[in-house]
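Thanks for coming. I will go through one structure today, starting with a helix and ending with the charged pairs. Please look at the picture while I talk.

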Amino acid sequence: MPKVSVIIPNYNHHSYLKQRLETIRLQSFTDWEAIIIDDASTDNSVEIIETYLQNHPDFKVKCFIKNKNNSGSGYKSWQKGITVAETAYIWIAETDDFTDTDFLKTTLGALEKFRTAVLAFTASNYVNETGELLYDSIQRTKNLNVPDQTCKIFSGQRLISKLPLNPYITNASSVVFKKPEKAIPSEIFSHKQLSDLFLWTYLVNNNSFVFCNRLLNNFRQHKQSTTFKTFDKNLIAVYKEYVSYLNYFNQTIKYKALINHYIKHYACKNKSRVLEVKVLQDLNTSDNVRVYYYKRLILFMLKKVFKNGK
């Protein structure tokens, strides 16, 4: 039995598939097997994958699942792949990203060294459609104080404390985790925007994680990516899932931070909906969310007025 399953969920990423498959095949750690899931792509993704596998018989495939109908969410492919996997470790390698050849060697080495940890992730480069560097994630993880090129273990609460608004982990391709002994609840994968945050929280709750401060993952930014589509066009759906996250994990103590974030990043940029608080009223708290929202909104507006008046 291989040590790690590489779950490769694909939907219409024909432009990036060869690079993704190649950076998996060339990993310096070789004890892996791939679970490829195509979610009814409408481009020539399946043909590209099949041709690649024919030309590279050393690419170790446990199964290639071709969905007849699109699931409506890439996270359903995650769920299916994790269910099929029988290995101790799992890496979800998104098909629009690509990775340094020492990625698995580093993350699995860290998990073998720090045996109480259930998850390890690396720093990431953010790249454009052609793979050119835009910026990196070093600033995001700076307060973890992990020296360059080293790995360090932390309590899971350290990661959870930043969620859901300011996560350390912004890309699944940067993560390797231990497969839990019990089946992961389906609810974790039911959110179209933020199921990744649900999964990381579920895994590290009452456990520990490792951060490896090495830029071994490349997170591609492009107009067809889930991240771009979500945060550019459907931000209200994200806030609904933020609320679901706080409720599911009993973290509604963070509701004030969420409301402040909502005012700054959504309400004040959508003037016609500035008085809309329905999405926030689903928070499971005895406090009066509506009253707190309007108080913070007025304060925010006043600060803006005084600032512009100077």
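I begin with helix α6, which is mostly covered: 9 of its 10 residues are buried. Keep in mind that this is a predicted model. Which residues of α6 are buried? They are S195, D196, L197, F198, L199, W200, T201, L203 and V204. The cover over these buried residues includes α3, α5 and α8 among the helices, and the strands β6, β9 and β10. Just after α6 comes N206, and its phi is positive, about 65°.

Now to one of those neighbours, α3. Two packed helices are described by the angle between their axes and the distance between the axes. For α3, residues 74–84, and α6, residues 195–204, the axes come within 10 Å and cross at roughly 35°. On the α3 side the contact is made by Y75, W78 and I82, and on the α6 side by S195, D196, L199 and W200. Sorted by type, the residues of this contact are 5 nonpolar, 1 polar and 1 charged.

Strand β6 was also in the cover of α6, and T122 has its place in that strand. Is T122 buried or exposed? It counts as buried because its relative accessibility is 2%, and the cut-off for buried is under 20%. Leaving aside neighbours within four places in sequence, T122 is in contact with F103, T107, S174, F211, C212, R214, L216 and N217.

L302 is found in helix α10, residues 289–309. With 42% relative accessibility, L302 counts as partly exposed.

Last, the charged pairs. How many salt bridges does the count come to? The count is 7.

One of them joins the side chains of E112 and K3, at 3.9 Å from N to O. E112 is in helix α4 and K3 in the segment before β1, 109 residues apart, so this pair links distant parts of the chain. E112 has a relative accessible area of 25% and is partly exposed; K3, at 29%, is partly exposed too. K3, E112 and R115 are linked in a network of salt bridges.

Another salt bridge is E50 with K66, where the closest N and O atoms are 2.6 Å apart. E50 lies in helix α2 and K66 in strand β3, so the pair ties together parts 16 residues apart in sequence.

E276 also forms a salt bridge, with R273, the closest N and O atoms being 3.1 Å apart.

That is the end of my part.

Conventions:
Residues numbered from 1 in each chain as written. Predicted model: local features only at pLDDT ≥ 70, side-chain atom pairs only at ≥ 80, totals over all residues. Heavy atoms only, no water. Axes fitted to C-alpha atoms, helices over the stretch in contact; angles between N-to-C directions. Helix = DSSP H or I, 4+ residues; strand = E, 2+ residues; numbered from the N terminus. Contact = heavy atoms within 4.5 Å. Nonpolar A, V, L, I, M, F, W, Y, C, P; charged D, E, K, R; others polar. Buried < 20%, exposed > 50% of the residue type's maximum accessible area, 1.4 Å probe, protein only. Salt bridge = Lys/Arg side-chain N within 4 Å of Asp/Glu carboxyl O.
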